[in-house]
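Hello,

Here is the structure I promised to pass on to you. Have a look at it first, and then read my notes below.

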Amino acid sequence: MLCPCRTHHLRLLLMLTVFFLADSSSPCMDEKQTTLSPTEVNTSQPVQTGEKVVLCCPFIPPSRVLVIVTWQIVLRDKPLCSISYKRETNETLENNCTDGRITWASRPDQSPHLQIHPVAVSHEGNYRCQMATIDGNFEHNYHLQVLVPPEVTVFPEKNRTVVCQAVAGRPAAQIFWTPEGDCAPEKQDWVNGTVTTRSTCHYPDGNVSTVTCFVSHPTGNRSLSTDLLPGAKGSEKLYYLFIIIPVILIIGFIWFLKISGYRKCKLKKTEATTVVEEDEMQPYASYAEKNNPLYDTVNNLR
């Protein structure tokens, strides 16, 4: 039979183990290392779209009596949103907060942290947790930077030119080439805050056959390779072979048919005129022969 004191110690040890295991999985466990004197902490928090993020308030030990927790949220082109919890009355208040994806990470009487899920570009902005205690106030400010991974493509064009583009990324991606060529970068901003970066490179050196595009972005780096199309001379030959020459042959064939038809028509008209002239001369010739004395003499001799 176990001693009651040992049983009590075992239960206490089990409770502490569960508590620390649960607490160690919290994304805000580092907040316990925050200085406990009244202070203000500023943090830049990058997060990718579609993910979940938890913004933490300063850690307040149980020995300090918490009076009220307030989250102030400032987003672009939106009014100030505030969410607060009063411990004394156990009530929550919201003002100008309409985004259902921004909520308490848990019950506010258990955890003052804020959760955003899923994160969208519109959530980029400033978040402030203010905790008022009987010993002073504590603040933690966040600047939430929303990242959007770009869609990367690379494709060759004529005249030994290749294009690499990172479409709709946030922030704008950076593009590098190996080997380096004669490159022209450009950027296009979109209304949703994303940026498309495009780089067009020309490689006049005929010894270069394959190039690689490197795209650098906070959400991850990518590299794509492609083969160059034939040079300008080769492209011109293909152009003449498959486009210009068939067009010339078609035009020449049409011209030949037109000329042949014109000649046949002219020949038919000439033959018709000759036949008409012979037919018209025939009656006259008969009349002349009949009225010529030599005609009778020749006929008598026959």
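Pro118 sits in the loop between β7 (114-116) and β8, where strands are DSSP runs of E with at least two residues, helices are runs of H or I with at least four, and both are numbered from the N terminus. His117 and Pro118 are joined by a cis peptide bond, with omega about -10°. A cis peptide bond also joins Thr178 and Pro179, again with omega about -10°. Pro179 belongs to the loop between β12 (174-178) and β13.

Please keep in mind that this is a predicted model: local features need pLDDT of at least 70, side-chain atom pairs count only at pLDDT 80 or more, and totals for chains, interfaces and linings use all residues. Residues are numbered from 1 along each chain as its sequence is written, and side-chain values use heavy atoms, with hydrogens and water left out.

Why mention the cis bonds, and the positive phi angles that come next? Because most residues other than glycine have a negative phi, and most peptide bonds are trans.

Asp77 is not a glycine, yet has a positive phi of about 60°. Its place is the loop between β3 and β4, and Asp77 is exposed, at a relative accessible area of 75%. Here buried means under 20% relative accessible area, exposed over 50%, and partly exposed in between, using a 1.4 Å probe and protein chains only. Arg160 is another residue other than glycine with a positive phi, near 55°. You will find Arg160 in the loop between β10 (151-157) and β11 (161-169), and with a relative accessible area of 11% Arg160 is buried.

Next, the salt bridges. How many salt bridges does the rule give? The count comes to five, a salt bridge being a side-chain nitrogen of Lys or Arg within 4 Å of a carboxyl oxygen of Asp or Glu. I picked out these:

- Glu139 pairs with Arg128, their closest N and O atoms being 3.9 Å apart. This pair links distant parts of the chain, with Glu139 in strand β9 and Arg128 in strand β8 (residues 125-133), eleven residues apart. Glu139 is buried at 18% relative accessibility, whereas Arg128 is partly exposed at 30%.
- Glu186 pairs with Arg198, with 3.6 Å between the closest N and O atoms. Glu186 is in strand β13 (residues 182-189) and Arg198 in strand β14 (residues 195-202), so the pair ties together parts twelve residues apart in sequence. Glu186 is partly exposed, with a relative accessible area of 44%, and Arg198 is partly exposed at 24%.
- Asp99 and Arg101 meet through their side chains in a salt bridge of 3.0 Å, N to O. Arg101 is partly exposed, at 32% relative accessibility.

Val53 lies in strand β2 (residues 53-55) and is buried, with a relative accessible area of 6%. The C-alpha atoms of Val53 and Ile116 are separated by 5.4 Å, while 63 residues separate the pair along the chain.

Asp99 comes up again at a pocket. Which residues lie nearest the centre of the second largest pocket? They are Cys81, Asn96, Cys97, Thr98 and Asp99, out of 14 lining residues. β3 (66-75), β4 (81-86) and β6 (102-104) are the elements that give two or more residues to this lining. By type, the lining divides into seven nonpolar, four polar and three charged residues; Ala, Val, Leu, Ile, Met, Phe, Trp, Tyr, Cys and Pro count as nonpolar, Asp, Glu, Lys and Arg as charged, and the others, Gly among them, as polar. A pocket is an open set of points on a 1 Å grid over the protein atoms alone, where a 1.4 Å probe fits, with protein on both sides within 12 Å along at least five of seven lines; lining residues have an atom within 4 Å of a point.

Finally, Ile254 lies in helix α2 (residues 232-290) and is exposed, with a relative accessible area of 52%.

Best wishes
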